[in-house]
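Take a look at the structure below.

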Amino acid sequence: SRYLKKTILSCINQTYKNIEIIIIDDKSTDDSLKIIQSFSDTRIKLIKNPKNLGTFLARKEGIKVACGEYILFLDSDDYLLENSIELLLDSIKDACIIHFGIIHEPVIKYATLPKIYIDEIEGENIAKEIIIDNFNKSWLNLAGRMYKTTLIKDSMAKIDFIDRHLISSEDTLLFFIIILLAKYSVGIDKNLYIYCQNDSSITRIKTQEKLQKTIDDRIYLKE
């Protein structure tokens with residue numbers, strides 16, 4: 001919950017105001033829920049999971065209730081620049097994916113940042129450009145892009161059968177489906193997403209139990 005207030009404020013304070021802010025409390029055990037409920041903004045939709053579902057299924061719950069034309073995913077320890085949505089909407093050109101930049105906070109001197117796909121790309125060339133031609137320069141997750149909501153919902157429907165608490169490939173799995181279904185993408189050469197270095201993040205904690213769960217998840221997905 002250390003970064004959560006800043007995360008939510010970066011959404012509330014967007015210069016483009018006509019947004020919905022969907023927050024999933026995935027059965028948190030800290031004071032995250034208290035922080036979320038301290039905000040009275042009517043644009044906030046709070047979903048409280050009765051049990052911890054993990055990133056993949058938690059995102060699925062948020063996608064179900066999303067009503068806006070576009071979706072942008074934001075993790076609870078990161079934040080957006082306050083003019084992000086306005087800049088992205090000005091760059092849409094009827095695209096179903098709009099790419100933008102990510103930077104670290106604090107700055108990591110030799111960190112490899114994801115490539116921003118600024119040029120207009122169509123159809124199967126989207127997957128080719130991101131996965132095949134620039135695999136080592138791409139972050140194969142959901143951050144750093146805004147998506148047409150219909151594309152996200154259609155993509156999730158393809159893997160709706162997954163009902164397992166995943167800790168491996170949670171975002172990559174959905175992202176692969178998205179770029180295979182995407183018809184047209186554009187990009188904006190601006191760093192709008194601030195990726196905060198959080199050593200206590202669940203994605204950074206390494207244990208023997210987590211390693212085994214990762215292996216089990218990958219076997220499950222392969223099957």
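The side chains of Asn 49 and Asp 26 are joined by a polar contact of 2.8 Å. Keep in mind that this is a predicted model. Where does Asn 49 sit? Find the loop between β2 (44-48) and α3 (55-65); Asn 49 lies there. Is Asn 49 buried or exposed? Its relative accessibility is 6%, so Asn 49 counts as buried, because buried means under 20%. Which residues touch Asn 49, leaving aside neighbours within four places in sequence? Asp 26 is one of them, and Ile 24, Asp 25 and Lys 27 are in contact with Asn 49 too. Ala 58 and Glu 61 complete the list.

Now turn to strand β8, which covers residues 184-196. Strand β5 (residues 97-105) pairs with β8 in the parallel sense, over 8 bridges. Here Ile 103 stands opposite Ile 194 of β8. Strand β4 (residues 79-80) pairs with β8 in the antiparallel sense, over 2 bridges. Tyr 79 has Ile 194 as its bridge partner in β8. Strand β6 (residues 121-122) also pairs with β8 over 2 bridges, in the antiparallel sense. There, Ile 121 has Ser 185 as its bridge partner in β8.

Cys 196 has a relative accessible area of 6%, so Cys 196 is buried. Cys 96 counts as buried as well, because its relative accessibility is 10%. How many disulfides does the structure hold? The count is 0. A disulfide is a covalent bond between the sulfur atoms of two cysteines.

Note on methods
Residues numbered from 1 in each chain as written. Predicted model: local features only at pLDDT ≥ 70, side-chain atom pairs only at ≥ 80, totals over all residues. Heavy atoms only, no water. Helix = DSSP H or I, 4+ residues; strand = E, 2+ residues; numbered from the N terminus. Buried < 20%, exposed > 50% of the residue type's maximum accessible area, 1.4 Å probe, protein only. Polar contact = N/O pair within 3.5 Å; in protein donor to acceptor, adjacent residues only side chain to side chain. Contact = heavy atoms within 4.5 Å. Disulfide = S-S within 2.5 Å. Pairing = 2+ DSSP bridges.
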